[in-house]
Amino acid sequence: MNVQSVLAVYYAFNQNCENAVHYFTLAGNALENSAVIKTKWGVNLQELLNNLVSVQDYTIIMGGLLKGRVIPSTDYIIDKSVSAIFVMKNEENVASACINCGACVLNCPGKLNPKYVLDNPTKKMAKNQKSKCMGCNVCSYVCPAKINLSKYMKEGN
Ligand code: SF4
Ligand code: SF4
């Protein structure tokens with residue numbers, strides 16, 4: 001447990017702390033319903049998701065769908081930094097051809113070009129781009145052709 005988590009737990013159990021109550025948006029296609037959640041800091045995300053998630057295989061995105069980051073586990077303590085959590089189904093999507101929309105490039109928080117890497121996997125510049133990828137998966141989520149770009153970014157990296 002890191003310092004942030006210890007603080008969140010402290011606030012959660014300190015009944016006199018007026019800031020302990022927190023609101024955030026919980027949404028996504030893996031949930032029965034989307035809602036604004038009122039909770040205390042220090043609550044574990046897994047507790048909140050019990051009985052709310054309708055599928056077994058899902059991905060949690062902290063923050064917005066375009067600029068958010070994927071968290072690896074539901075073992076996550078809610079604190080005041082949480083504004084929105086999206087719970088998205090891991091669907092077996094069939095990819096179609098790239099339509100050159102540029103969404104993967106425009107939305108990459110690392111200002112990388114996953115489309116270039118997809119097309120030029122053996123080029124030196126592609127390897128350089130791969131080494132800078134933070135694995136956030138945003139490019140895959142925004143791609144209208146459902147190409148798993150982040151998988152290509154991770155391959156051989
Ligand atoms: S997974 Fe890598 S390439 Fe894709 S959006 Fe995130 S940082 Fe950019
Ligand atoms: S987001 Fe998908 S369809 Fe658009 S340019 Fe990138 S790879 Fe092609």
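Residues are numbered from 1 along each chain as its sequence is written, while chains are lettered from A and ligands numbered from 1 in the order in which they are written. Because the model is predicted, local features need pLDDT of at least 70 and side-chain atom pairs count only at pLDDT 80 or more, whereas totals for chains, interfaces and linings use all residues.

**Confidence**

Colour the chain by pLDDT, the predictor's confidence in each residue, from 0 to 100. The mean over the chain is 83, and 83% of the residues reach 70 or more. Next, select helix α1 (residues 3-13), which has the lowest mean pLDDT among the elements, 54; helix α4 (residues 114-119) has the highest, 95. Helices (H or I, at least four residues) and strands (E, at least two) are DSSP runs, numbered from the N terminus. Where pLDDT is low, the predicted coordinates should not be read in detail.

**The sheet**

Select the five strands in the order β2-β1-β5-β3-β4: they form an open sheet with mixed pairing, two strands being paired if DSSP finds at least two bridges between them. β2 (35-40) and β4 (69-71) stand at the edges; each has a single partner strand, so one side of each lacks a neighbour in the sheet. On average, neighbouring strands are turned by 35° against each other, direction ignored; the axes are lines fitted to C-alpha atoms, and angles run from 0 to 180 degrees between N-to-C directions.

Met-62 stands opposite Arg-69 of β4.

**Ile-61**

Select Ile-61, in strand β3 (residues 58-62). Ile-61 is buried, because 24 other C-beta atoms lie within 10 Å; the cut-offs are 20 or more for buried, 12 or fewer for exposed, and partly exposed in between, with C-beta atoms placed from the backbone. Not counting residues up to four places away in sequence, Ile-61 touches Gly-68, Arg-69, Val-70, Phe-86 and Met-88, contact meaning C-beta atoms within 7 Å.

**The ligands**

Move to ligand 1, with 15 residues around it (C-beta atom within 6 Å). Cys-108, Cys-133, Cys-136, Cys-139 and Ser-150 come nearest. Helices α6 (138-142) and α7 (149-154) each give two or more residues to this shell, and α7 gives the most, with 3.

Finally, select ligand 2, which 14 residues surround. The closest are Cys-98, Cys-101, Ala-103, Cys-104 and Cys-143.

Note on methods:
Contact = placed C-beta atoms within 7 Å.
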